[in-house]
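Good morning, colleagues. Please look at the sequence and the structure on the screen while I go through a few of its features.

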Amino acid sequence: MARFFQPKKKTQLNTKHQSVLVEKLDHHGSGMAYQNKKPIFIEGALPKEEVLIQLTESKAKYARAKLIKVLTPSPERIAPFCPHYDMCGGCNMQHLSSADQQAHKSRTLAQLMRKFSGQDAALSALISGDEQGYRRRARISIKWDKKQRQLQFGFRKKQSQEIITLTDCPVLVPELSALMAPLYALLSEFSQPEHLGHVELVKGDNVNILVVRHLKPLTENEEAALIAFATTHHITLYLMPESHQLTLVRGEAGVYQEAGVTIAFEPNNFIQVNQKVNAQMVQQAMAWLTLSDSDRVLDLFCGLGNFSLPIAKHVAHVVGVEGVEAMVEKAANNAALNQLSNVEFFQANLEQPIANNAWAGEKFDKVLLDPARAGASGIVEQLSALGATRVVYVSCNPATLARDSQSLLEQGYQLEKLAMLDMFPHTSHLESMALFVKD
């Protein structure tokens with residue numbers, strides 16, 4: 001007998017407002033309530049609050065909801081300092097004090113390490129910096145609204161692709177925030193604003209930088225206006241006609257100082273957004289590695305040399321390895337800029353076996369790795385063979401740090417230290433650092 005497929009009828013999402021009691025925060029800082037044992041994630045809600053919500057998504061095992069109103073506020077709730085907070089998607093935890101945010105992030109780190117690695121590690125003192133004015137780079141979204149005949153200029157709304165127009169941002173360093181209003185006024189006068197993609201603002205120690213991404217060629221008048229703006233505000237101007245093409249139009253390239261070295265960068269290179277936390281992070285990593293002048297140190301995912309170059313001032317030799325060839329060249333140039341001859345940089349795919357690389361045939365006393373959010377699952381399994389007795393793992397994703405810790409523990413390392421780094425205040429993102437030691 002033939003059987004015919006009959007699609008299941010979609011369950012209508014119940015969008016009526018309803019009240020729930022929030023029980024806890026999840027690892028991303030959203031409040032969690034339960035209905036019939038199914039968790040509902042509510043951004044902006046806090047534990048012990050009764051809140052009015054509207055479901056936005058309902059799956060078999062979880063649901064998401066929009067916070068409509070706080071009926072019974074938590075004593076921990078505070079008034080956000082940013083007037084745009086309720087709409088802007090840049091921050092998601094300003095309704096908690098910085099101390100409570102840091103406590104939540106520390107608990108999250110400890111819980112994830114315990115869950116995935118089985119390790120209960122006492123947290124070292126957390127590293128933090130300024131609560132406001134800490135971001136030294138930002139990408140500002142731009143879109144021409146045809147109906148309103150108005151330029152949208154700012155950041156994405158919460159849980160939306162729409163742009164909230166704003167002309168200041170209290171978490172940006174003041175020098176960059178001050179550029180937003182005059183830049184918005186300038187771009188609004190362009191004859192073809194629909195050709196603009198986005199702009200980026202970056203602060204170096206020597207200069208502030210503006211990058212303008214344009215989807216079609218700018219007119220002569222538009223380019224001249226941008227150059228005049230950059231001259232008036234004493235900033236460096238780059239134009240970006242393609243996503244990976246930068247043209248320096250006015251000013252000088254950026255540099256920043258870190259632990260006695262100068263690191264040159266272009267605005268599309270990765271640098272940590274929080275300079276004060278980065279400085280403490282580099283110093284702590286070097287302290288945890290217990291560097292000596294006879295050490296050979298391997299820095300994996302080395303980027304521009306944020307760790308490699310400061311370390312090289314204290315040891316016999318450093319090898320930095322990075323997946324992107326262009327970054328390897330820039331790291332080598334930074335070594336030359338600092339007259340460091342005891343550091344070498346190599347390109348390698350660190351998700352693949354490393355045995356065929358000449359540097360991997362050598363032994364190292366210490367290893368530092370600072371991977372992207374996906375972690376280091378490919379290389380971490382090969383660390384023991386390199387002979388290192390101390391490994392410092394810097395992570396921007398505690399879940400992948402916890403996962404990779406399992407491999408290090410299986411290789412005979414012990415988790416000796418663990419610390420939370422509040423690199424991104426007022427967001428749920430957390431940086432962390434772990435020290436693994438083998439006798």
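Is histidine 234 buried or exposed? At 61% relative accessibility, histidine 234 counts as exposed. Please note that the model is predicted. Histidine 234 lies in the loop between α3 (220-232) and β12 (235-242), and its phi is positive, about 55°, although it is not a glycine.

Asparagine 36 likewise deserves attention. It is not a glycine, yet its phi is positive at about 50°. As background, most residues other than glycine have a negative phi. Asparagine 36 sits in the loop between β3 (31-35) and β4, and is exposed with a relative accessible area of 81%.

Let me move to the sheet. Six strands form an open sheet with mixed pairing, in the order β1-β5-β6-β4-β3-β2. Its edge strands, β1 (18-21) and β2 (24-25), each pair on one side only. Within the sheet, β4 (residues 38-42) runs parallel to β6 (residues 63-72), and the two are paired over 3 bridges. Isoleucine 42 has alanine 65, in β6, as its bridge partner.

Finally, the cysteines. How many disulfides does a search of the whole structure find? The search finds 0. For cysteine 82, the closest cysteine sulfur belongs to cysteine 169 and is 6.3 Å away, so the separation is too far for a bond. Cysteine 91 is also in no disulfide; the nearest cysteine sulfur, again that of cysteine 169, is 6.5 Å away. Cysteine 82 is buried, at 12% relative accessible area, and cysteine 91 is buried, at 10%.

Thank you for your attention.

Methods
Residues numbered from 1 in each chain as written. Predicted model: local features only at pLDDT ≥ 70, side-chain atom pairs only at ≥ 80, totals over all residues. Heavy atoms only, no water. Pairing = 2+ DSSP bridges. Helix = DSSP H or I, 4+ residues; strand = E, 2+ residues; numbered from the N terminus. Disulfide = S-S within 2.5 Å. Buried < 20%, exposed > 50% of the residue type's maximum accessible area, 1.4 Å probe, protein only.
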